[in-house]
Amino acid sequence: MMERYDLVVIGAGPGGTPAAMAAAQFGKRVLLVDARGEPGGECLFEGCIPSKVLENAAARFAMLKEMKRFHIDVEGKEQIHWEAVLEDKKEILSRRAMGAMKQMESLPTLTFMEGTATFVDPHTIEVDGERIAFDHAIIATGARAQLPPLKGEGIPRAWTNADVFKQSCIPEEITFIGAGAISCELVQMFNKLGTRCRLMERGERILKHIDEACALRLQQQMIDEGIEVMLNVTFDRVEGDHGDFSVVYEQEGEVHTLQTPHLLVATGRTPNVDGLGLDNIGVTYGAHGIEVDETLQTSLPHIYAVGDCNTGPKFAHWASYEAGIAVHNIFAPMKHKTDPDKLSWVLFSDPQIASAGLSEAEANARGMEVEVAEYDYAIDARAQLDKETNGVLKFVIEKQSGIIRGIQIVSEDASSLSGEASLIVAKEMTVMDVMQAIHPHPTLTEAFGVLARRIFMAKMMRR
């Protein structure tokens, strides 16, 4: 007789693990299946966490070399012990995976199984030959790097984010294809470590999906740091392997061939839906993921999909947010809906970029009447003290209601400011609401209050 569960969750990343734990805390009988055999998913093992471990070390190494800006002499030659940094990464990943496993083991109705799950019928999965019945399912299988369909044998041999964190030494030179979030974080990290870096992008600028002014600030910063930024590139073919790649491309009407020892490709993500057997059960999906409605239901009402495998935003924290909504919608009578307009995110570049809610372009595309106000961190006391004045705080304000619908931040520590931005947007606060908060001085967050007062006074002057 088959085992039967109230809920089966496929994938133990930042969407699947909290979903399984939340359902178990409801007292439901839950099975969590993951091919890796450890909770954490790509975010923990090849994404958010390992990248930040290495970026943290690179940032401190760069800071050591820049101490003269603060009139501090550092004796001797600066060195970074990369092998020790990699050991730190390994220890942190292991600690976090073990911590999540212990939390799961403390829930008596939650079972964790290593294996590959496939749907046999709408209420049965098969995990490595064993059939298991379920009442409800949540698919949380994430996504992987998508390789561009270029001619030549080189692209399948290039690094992706899953490979680059495993390298035992710092490369002397890397060429990056693609100028999205992954490339922009990694290219600056390796540049700080002394690697010669080149960024190749087919578009007119980096980070095409974010606020243009914010992206252009970072783009200029990269150029100033000595990173070679190549735009409007048409790729023809890639040959070779690590140590000797050959990239044939066209730029400004001329064909060129570029030789590079190492190549990293970050041109998008593709959902992990292969092998799930979705065709067996009639769950609708496409190139951008499993189709879901606002409640995260798939085309089968008892099956949900969360995180990077569905058609929504691709962020670890969004996956966790969706996990809570999916579990609630399965086991509680009142349905909750996702609200992408409240999404916030951080790009861990230098300077960092953070956003909450809508950008000016997104608001305009919806036909919203908005006004935009900016605070330049060049005049900010904290930024001047830190000698990090390349930054801006931007409010996108709905004219009719006065509600702040979006906030964009470029700053050395935008990640620490993103929490306030996220709360302002989520609670639909007005400029007056922000102005009434008393921000400490001198801090970077003080800019929120200064900008709010400036907007208020400008309105008073217009009356």
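**A buried charge, then the rest**

A: E446 is buried (under 20% relative accessible area; exposed is over 50%, partly exposed in between, with a 1.4 Å probe and protein chains only), yet E446 has no salt bridge, and the nearest side chain of opposite charge, R453, is 5.6 Å away. A salt bridge here needs a side-chain nitrogen of Lys or Arg within 4 Å of a carboxyl oxygen of Asp or Glu. Lys and Arg count as positive, Asp and Glu as negative; His and the chain ends are not counted.

Q: What kind of model is it, and how are residues numbered?
A: It is a predicted model, where local features need pLDDT of at least 70, side-chain atom pairs count only at pLDDT 80 or more, and totals for chains, interfaces and linings use all residues. Residues are numbered from 1 along each chain as its sequence is written, and side-chain values use heavy atoms, with hydrogens and water left out.

Q: Back to E446. Which helix is it in?
A: Helix α14, residues 446-462. Helices (H or I, at least four residues) and strands (E, at least two) are DSSP runs, numbered from the N terminus.

Q: And what is E446 in contact with?
A: H439, P440 and H441, leaving aside neighbours within four places in sequence. Contact means heavy atoms within 4.5 Å.

Q: Salt bridges next. How many does the structure hold?
A: The structure holds 24. One of them joins the side chains of K192 and D350, at 3.0 Å, N to O. K192 lies in helix α6 and D350 in the loop between β19 and β20, so the pair ties together parts that are 158 residues apart in sequence.

Q: Is K192 buried or exposed?
A: K192 is buried, with a relative accessible area of 18%. D350 counts as partly exposed, at 22%.

Q: What about K342 and D339?
A: Their side chains also meet in a salt bridge, 3.3 Å from N to O. Salt bridges that share partners join D339, K342, E398, R405 and E428 into one network.

Q: Where does E428 sit?
A: Just after α12, where E428 takes a positive phi of about 50°.

Q: Tell me about α12. How far apart are its ends?
A: The end C-alpha atoms of α12 (residues 414-426) are 18 Å apart. The expected span is 1.5 Å times one less than the number of residues.

Q: Which α12 residues are buried, and what do they pack against?
A: The buried ones are A414, L417, S418, A421, I424 and V425. They pack against β19, β20, β23, α13 (431-436) and α14.

Q: Those strands. What is the sheet order?
A: It is an open sheet of 5 strands, β19-β20-β23-β22-β21, with antiparallel pairing. β19 (344-347) and β21 (370-376) stand at the edges with a single partner strand each, so one side of each is left without a neighbour in the sheet. Two strands pair if DSSP finds at least two bridges between them.

Q: How many bridges between β20 and β23?
A: β20 (residues 352-357) and β23 (residues 404-411) pair over 6 bridges. G357 has G406 in β23 as its bridge partner.

Q: Which helix lies across that sheet?
A: Helix α7 (residues 212-224) lies across β19, β20, β21, β22 (392-398) and β23. Helix α7 runs at about 5° to β23. Axes are lines fitted to C-alpha atoms, for helices over the stretch in contact, and angles run from 0 to 180 degrees between N-to-C directions.

Q: New topic: hairpins. What joins β11 to β12?
A: 7 bridges join β11 (residues 234-241) to β12 (residues 244-251), and the two run antiparallel. That hairpin has 2 residues between the strands, and G243 takes a positive phi near 105°.

Q: And β12 to β13?
A: 7 bridges join β12 to β13 (residues 254-260), also antiparallel. Q251 stands opposite E254 in β13. Between these strands there are 2 residues, and E252 takes a positive phi near 55°.

Q: Last one, F119. Buried or exposed?
A: F119 is buried, with a relative accessible area of 0%. F119 is in strand β4 (residues 117-121). Its contacts beyond four places in sequence include I10, F134, L276 and I303.
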